[in-house]
Amino acid sequence: MILVFSVLFFALVFEYINGFHDTANSIATVVSTKVLTPRQAVLWAAFFNLVGALTGTAVATTIGQGLVDTRFVNLTTILSAVLGAIIWNLLTWWLGLPSSSSHALVGGLCGATLASAHGRWDVIKWSSFDPVTQKSEGLWTKVVLPMFTSPALGMVIGFLVMGILLIALRSWLPYYVSLVFGKAQLISAAFMGFSHGTNDAQKTMGILALTMFTATSSGVFDGIPDWLGFLKMSVFEVPLWVKIICAITMAAGTAAGGWRIIRTLGHKVVRLQPIHGFAAETSAAAVIQVATHWGIPVSTTHIISTSIMGVGATKRISAVKWGLVERMLWTWILTLPITGCLGFLLDKLLRGLPL
């Protein structure tokens, strides 16, 4: 039981870190355009993160069942995956780099499962088709391919939306453009916060559900008191209490703020006005919503970052600080292999401890 509660605790720690690590996704543009103060923006994002986190379970199911063979997943595997993701998130947060919490968790889970299966690569579900849901599943379909396509879509759509706005409003005075889109950006920031909650919070929901399912299947919960009976889960599902606790934890993390990353996204990549912030947030949130519908755990960080780049490129290509972009790209590329190695090593280490 100690191991179960350790996994649950660190999973919620990951969710909290995910909240403040990815706060910048929702509010970087609204802060940089000075539509809201940083504190107002954090509270605004936290509320809509909370609302979004209570919506749907498609992404949670992908994390819990769609990426690795659950027969080789035990409590030590899950704990190793979560710890690997936490270490990477804290490192990139300290460096002020907007990395992906989603890919950190996926990498940790794949690496830890590989270790528990003694290096059998077939335990990772690379690509498959589910005839029941009529959807493609697996690491390649749900993670690797979207890792490249979703940021590309964010950049292209951001560029197109901003281009359309510039053409449509070319006769407007700058004062009225800023006035109107200063208000409109409150809506787009809310949409972005909601979208972040629907996708990112579900990842920890999937981990918690997988923990309960694994503990029940392995007999850990046999003989527990009746008042703890809600922990038992004979089939994989995401109960309401898991949704609520993950939503509250992510909202609390969001309220704590991730100021280092906010400065990177909101001020260092490109200078924005309210209309640019509106275009970037709306474009990114739309892409995230489509991904959530299909149960794809995309990186909200990647998508909002490239949306900002696409919007900034409408000013001129040199408006985007490409040196910083290169650093961000390397962080994205390295997240999966590094967290995979961390998950693998932590699983080997923890199995040598008397847990």
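Seven aromatic pairs turn up in this predicted model, counting rings of Phe, Tyr and Trp (its six-membered ring) whose centres lie within 6.5 Å. Planes under 30 degrees apart are called stacked, those over 60 edge-to-face and the rest tilted. The rings of Tyr 175 and Tyr 176 sit with centres 5.2 Å apart and planes at 80 degrees, so this pair goes down as edge-to-face. Tyr 175 is exposed at 57% relative accessibility, while Tyr 176 is partly exposed at 45%; here buried means under 20% relative accessible area, exposed over 50% and partly exposed in between (1.4 Å probe, protein chains only). Elsewhere, Trp 44, Phe 47 and Phe 48 make up one aromatic cluster.

As for charged side chains, there are four salt bridges, each a side-chain nitrogen of Lys or Arg within 4 Å of a carboxyl oxygen of Asp or Glu. One of them links Lys 203 to Asp 200, with the closest N and O atoms 2.8 Å apart. These two residues are three apart in helix 8 (residues 174-217), which puts about one helical turn between them; helices are DSSP runs (H or I, at least four residues), numbered from the N terminus. Both ends are tucked away: Lys 203 is buried at 1%, and Asp 200 is buried at 0%.

Arg 351 and Asp 347 also meet in a salt bridge, at 2.6 Å from N to O. Its Arg 351 end is partly exposed at 39%, whereas Asp 347 is buried at 0%. Asp 122 and Arg 120 pair up at 2.8 Å, N to O, with Asp 122 exposed at 52% and Arg 120 partly exposed at 40%.

Residues are numbered from 1 along each chain as its sequence is written, and side-chain values use heavy atoms, leaving out hydrogens and water. Because the model is predicted, local features need pLDDT of at least 70 and side-chain atom pairs count only at pLDDT 80 or more, while totals for chains, interfaces and linings use all residues.
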